[in-house]
Amino acid sequence: MSITEPSNWFERDPLWFKKAVFYEIHLRGFYDGNDDGSGDFRGLAEKLDYLQWLGVDCLWLLPPYPSPLRDGGYDISDFFGIHPDYGSTDDFKYFVDQAHQRGMRVISDLVMNHTSADHPWFQESRTDPAGPYGDWYVWSDDDTRWSEARIIFLDTEPSNWTWDPVRGQYYWHRFFSHQPDLNYDNPEVQEQMLNVLRFWLDLGLDGFRLDAVPYLYERDGTNGENLPETHAFLKRVRAEVDARYTDRVLLAEANQWPADVVQYFGEGDECHMAFHFPVMPRMFMAVRREDALPMVEILESTPSIPEGTQWGLFLRNHDELTLEMVTDDERDYLYDEYAKDPRMKLNLGIRRRLASLLDNGRDEIQLMHAVLFSLPGSPVLYYGDEIGMGDNIFLGDRDGVRTPMQWTGDRNGGFSRADFQQLYLPPLMDPVYGFQAVNVEAQLRQPNSLLRWIHRLIALRKDHPVFGLGTYEALRPENPRIFAHVRTYEDDVVLCVHNLARSAQAVELDLSRWQGSVPEEMFGRTRFPAIGELPYLLTLAPRGFFWFQLRKDEGE
Amino acid sequence: MTGERELIEFVTAQRWFGSKTRDVAHSKVVDRLTLRADEPRLELLLVEIRFDTGTHETYQLLADDSLDALADPRQVRELVHMIRGGAKMPGRGGVVEFAPVSGFGGELREARPVGAEQSNTSIVFDEELILKVFRRLEAGINPELELLRFLTEHGFPNIAELFGWYAYAGRQMDATLGILQRFVAGARDGWERALDTMGEGADDFISSVRRLGEVTGSMHSTLGSDSHDPSFCPEETSTESLGLLTATVDEEIESVFLDLPDDVPELEPIRGRGEEVRERLRLLTNLGGTGRVIRGHGDFHLGQTLWADGDWVILDFEGEPARSLPERRRKRSPLRDVAGILRSFSYAASAGPLLRGVEPPADWEARTRAHFLDGYREAVEQSLVPSGASMDKLLSVFELEKAVYELRYELNNRPDWVRIPVAGIVRMLEEEVPV
């Protein structure tokens, strides 16, 4: 590193991820820089001005590695390369550097649990059981072993074991049968995975979203999830990262109950972040039932997490809206409300985008974002949701929520100059969500657009580290339709009040502790009456919300 | 050790402290490096100033017994010596590196501070060298160093030559701390010259502005001339780039109008007209091409130019101090710089009577503008800017952006000057939209 050509464009901040807004990008669908119908790193680099304007702090890339793409790239066939559709390793480095220069960090998905069946390691392993890779996967003659482990892809997989006629044994896979699990009991596998991490961190990557981490090990008499061995390996990963790099982040994807997920933070010595899965379906439930209780309860039952760690919060992502972490009754309710067409269901979830889940209701979309941004954790946006893109449930698997980003009203939605037939997926063209109705260019120019509103929301959140760093305290007003809470960090006290109802509501809040403070509404900076001795009365529009900064009254 | 209150009191009282409207809660020294251990001792401090919401800014202090060692000529001479010697000074959390560009001999004798600066502190030595110490630090290379080096390497003559710089690389951040360049002796800055000649000699000034247009155009051509350097290569604008520009300016207008104080009578002509201004922006941004985007000066106005020996020298490539470093490093249309200088002609025309008691000739601003644009159009690489009405419209968009920026700046810093951007905004509302 030289002083005049800095490679470091960030002020040191080991807790940056706690204040960050994340933005998940489906590289294939973002922007096509070489006119071949598929998004790539050169294209993504061209759109960095947009992302810089949007104000997001960290880009999360779906797996960019070589892959036969039978599972959206989560079936990796080479951990040390870039899929040729996306460009070269140099293109990747250029993109990361350009993102850094614009003040944005980049993390990438990494699947440690399994590889593609096409991976040379697996091919070696099945053809040469005694060879160097013979023990890199989980082989058995008995396909009844570990029957306590649930099947995750219920719709396609009858078993976690699949017979391999070449080796004449069953191999273990927690996901698709074309994704054999690596054998973490083999120290060489562990070592190689650490090499993978180092390789990408050396190229400048700011961290990883660790896909499917609960399943690294298998043990008799267990369901094979969240095992102590798995945590021990993740601690080793963290120690390696901390020893050699600064300000990097490990974000665990563990679709589990909060009490199990917190294990992935260790004692602050495992993952920096983990997704909070259970809170998300309850947000959808709360807004449909007009009842704050599901959210208040799940947050109450969420254990506190070590200092220096953070929840990742999201409304939607590239997968189905997963309903694994709800009760059966709750799941039935959510299916009834949000997946009226059976085509909308996938596995234990609903494969739709945010806008279409909320019937394209602008107030509902904003309310859900406001709730998301107000909760303790770092919000993760999914590309296209900032303009209210829809989905196409007639496309297979999860492709319906992975259609091309809609940049303009021009051909192919401005996503690609390739022939329409060449596109990896057709862009949305329906009259409500199609690119002629919903696109970045139009929404940039329209002052009241969803995009412009999200932009302001992000800017506001970034001005107030309290949202990322502060304490959370639920207020429990008598009116159950109101979700209200207070966030506090240093001298910044923020009161968030959300009306989950379709009708206007009044609420009385006990704010006696802040008596004398003046609530200042944070978007319009309007001062409200000072907090006095009596309960504080607020009225809220249907699906409306207020965020107030409670200012100590210093006169004007 | 220096106390927290002492640091806050010192920093917030400085002219270069950028966040005067915010409440400071805490401060701390994040690194302290000894530049000279012998008497007089000299230390470099990186000080973090934390606001009540928990965000912070980092400032550079040079300290001896006081927190303002730059007031002592012996101390600043020491900094120049260290640049000349290419010194490297390690500290607890990082290292300060001094780097000379080319030899400059002789003993330094006289040092004098330059008054009235916004965001940094400058000291002139023997009327030959000027050391600029950046106060507010951000991670990354300062655009001033970046642009001066680029322009020097690409043979653009109308700048003050770079002699060296010093920078910090450490745990907390990598940042440019200061630069040393040629002091243009016997020069008068464009702003002073405009005011001084407003009564008599206006014609001389106005015709020299044509040359300023040429120099500006050729500066932009140079800045857009290297397609191999990713930091500088000119880029085609994307389909949504005009939308990005519109959104950015529109939000600035909205936010400034939201914050207009009730008790400033000078604001009357624009009070309640925020929507009208935004509507005007929408009309102006209906345009065809936008040309290309390049790295630009970033904060171009008459005060950043010098008239010396019959030609112009361009200074201060830091960009607008209120914007973040990634924002200042962004490629933009070169017309943004042009709009900046056009706005400063407008400032000068209003400031003449205010500061000098001299009324400019009625057509002073119009003629100055026309001369500048003539020279500019002739010298600038044509592919960088749009043509015809699109150029006029895009220019108006940037003038509007600038006037709104000025409005906020004046409200916070110089309430007496508020009426100048106000008049500018009113005039733009009344003008015909170019077709």
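## Domains, strands and chain contact in a predicted model

In this predicted model, 20 residues of domain 1 of chain B are in contact with 25 residues of domain 2 of chain B. The side of domain 1 of chain B that touches domain 2 of chain B is made up of eight nonpolar, eight polar and four charged residues. Domain 1 of chain B covers residues 4–182, and domain 2 of chain B covers residues 188–430. Taken over C-alpha atoms, the centres of these two domains are separated by 28 Å.

As to confidence, the average pLDDT of chain B is 91, and 98% of its residues score at least 70. The model has an ipTM of 0.90 and a pTM of 0.94.

Chain A is also assigned two domains: domain 1 comprises 17–113 + 183–463, and domain 2 comprises 469–551. Their centres, taken over C-alpha atoms, lie 30 Å apart. The contact between them involves 20 residues from domain 1 of chain A and 19 residues from domain 2 of chain A. On the domain 1 side, at least two residues each come from several helices of chain A, including helix 1 (16–19), helix 10 (279–289) and helix 11 (293–300). Helix 14 of chain A supplies the largest share of that side, six residues. By class, this side of domain 1 of chain A has 12 nonpolar residues, one polar residue and seven charged residues.

The two chains also touch one another. Chain A contributes 37 residues to the contact and chain B contributes 29 residues. Four helices of chain A, namely helix 4 (48–54), helix 15 (440–445), helix 16 (450–463) and helix 17 (466–469), each provide at least two residues of the side that touches chain B. That side of chain A has 15 nonpolar, nine polar and 13 charged residues.

A hairpin of three residues connects strand 4 of chain B to strand 5 of chain B. In this pairing, Pro90(B) stands opposite Val95(B) of strand 5.

Key. Residues are numbered from 1 along each chain as its sequence is written. Chains are lettered from A and ligands numbered from 1 in the order in which they are written. This is a predicted model: local features need pLDDT of at least 70, side-chain atom pairs count only at pLDDT 80 or more; totals for chains, interfaces and linings use all residues. Domain bounds come from an automatic or database domain assignment. Two residues are in contact if their C-beta atoms, placed from the backbone, lie within 7 Å. Ala, Val, Leu, Ile, Met, Phe, Trp, Tyr, Cys and Pro count as nonpolar, Asp, Glu, Lys and Arg as charged, and the others, Gly among them, as polar. pLDDT is the predictor's confidence in each residue, from 0 to 100. Two strands pair if DSSP finds at least two bridges between them.
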